[in-house]
Amino acid sequence: MTTEERMLKAVTAGNLKQRIEILDPVYSTDGYGNTIIDHEAVDSAWCYIEQHATQVTETTGEIHLLRKVIIAMRYRDGITPDTWFKLGTKVYRPSGPAIDACLKKRALFVECVEEVKHNETA
């Protein structure tokens with residue numbers, strides 16, 4: 001069974017238990033002409049989040065934890081690689097474009113990363 005087929009089966013009413021906020025980028029310019037990118041909530045959706053992998057790195061005495069997750073939801077237009085997702089205090093950034101599971105426009109899944117700061121609990 002492929003990942004797409006597995007995600008398609010996961011997107012059922014009983015499995016969509018997390019309510020995430022969908023954040024789209026908002027562009028502005030500061031006083032020096034630099035582009036500032038911020039994200040604001042534009043919608044929310046029920047989803048299924050599956051932790052895929054974890055990577056631990058240490059730099060200058062600080063430990064960084066990078067979690068890779070797959071977010072699966074019902075199909076919707078407008079999800080781009082610049083769209084972020086938020087669940088409580090966790091912010092997930094896509095590592096690639098959203099994928100239409102089996103090209104059936106029933107389920108969408110996005111591979112994302114979450115960076116956990118060294119002082120947060122794992």
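Student: What covers the buried residues of H1?

Tutor: The cover includes S2, S3 and strand S7 (107–116), counting contacts as heavy atoms within 4.5 Å. This is a predicted model, so local features need pLDDT of at least 70 and side-chain atom pairs pLDDT 80 or more, while totals for chains, interfaces and linings use all residues. Residues are numbered from 1 along each chain as its sequence is written, and side-chain values use heavy atoms, leaving out hydrogens and water.

Student: Which residues of helix H1 are the buried ones?

Tutor: Met 7, Leu 8 and Ala 10, in a helix that covers residues 3–10. Buried means under 20% relative accessible area, exposed means over 50%, and partly exposed is in between, using a 1.4 Å probe and protein chains only.

Student: And where do they fall, seen down the axis of H1?

Tutor: They fall within an arc of 160°, so they line one face of the helix. The arc is taken over the directions from the helix axis to the C-beta atoms. As background, an α-helix has 3.6 residues a turn, so residues three or four places apart point the same way.

Student: How many helices and strands does the protein chain have?

Tutor: There is 1 helix and there are 7 strands, in the order α-β-β-β-β-β-β-β from the N terminus. Both kinds are DSSP runs numbered from the N terminus: helices are H or I with at least four residues, strands are E with at least two.

Student: How do S1 and S2 pair?

Tutor: Strand S1 (residues 18–29) runs antiparallel to S2, with 12 bridges between them. Strands pair here if DSSP finds at least two bridges. The hairpin of S1 and S2 has 5 residues between its strands, and Gly 33 has a positive phi near 90° there.

Student: What about S2 and S3?

Tutor: Those are antiparallel too, joined by 12 bridges. Their hairpin leaves 2 residues between the strands, with Thr 60 in the turn at a positive phi of about 45°.

Student: What is the bridge partner of Gln 55 in S3?

Tutor: Leu 66. Leu 66 also comes close to a residue 48 places away along the chain: its C-alpha atom is 5.8 Å from that of Glu 114. With neighbours within four places left aside, the contacts of Leu 66 include Ala 53, Thr 54, Val 113 and Glu 115. Leu 66 has a relative accessible area of 23%, so it is partly exposed.

Student: Switching to His 39. Which residue stands opposite it?

Tutor: Pro 25 stands opposite His 39 in S2. A polar side-chain atom of His 39 also lies 3.1 Å from the backbone oxygen of Asp 82. Beyond four places in sequence, His 39 touches Leu 23, Asp 24, Pro 25, Asp 82 and Trp 84.

Student: Is His 39 buried or exposed?

Tutor: His 39 counts as buried because its relative accessibility is 17%.

Student: Where does Thr 83 lie?

Tutor: In the loop between strand S3 (62–74) and strand S4 (84–87). Thr 83 is buried, because its relative accessibility is 0%. Its side chain makes a polar contact of 3.3 Å with the side chain of Asp 24. A polar contact is a pair of N or O atoms within 3.5 Å; within protein, one must be able to donate a hydrogen and the other to accept it, and residues adjacent in sequence count only if both atoms are side-chain atoms.

Student: How many disulfides does the count come to?

Tutor: 0 disulfides, where a disulfide is a pair of cysteine sulfur atoms within 2.5 Å. For Cys 47, the nearest cysteine sulfur is that of Cys 112, 9.5 Å away. That is too far for a bond. Cys 47 is buried at 0% relative accessibility, and Cys 112 is buried with a relative accessible area of 1%.

Student: How many residues has the largest nonpolar core?

Tutor: It has 14, and those with the most contacts inside it include Ile 20, Ile 49, Phe 85 and Cys 112. A nonpolar core is a set of buried Ala, Val, Leu, Ile, Met, Phe, Trp, Tyr and Cys residues joined through side-chain atoms within 4.5 Å.

Student: Which elements give two or more residues to this core?

Tutor: S1, S2, S3 and S7. Another core, of 9 residues, lies apart from it, with Val 11, Leu 16, Ala 101 and Ala 107 among its residues.
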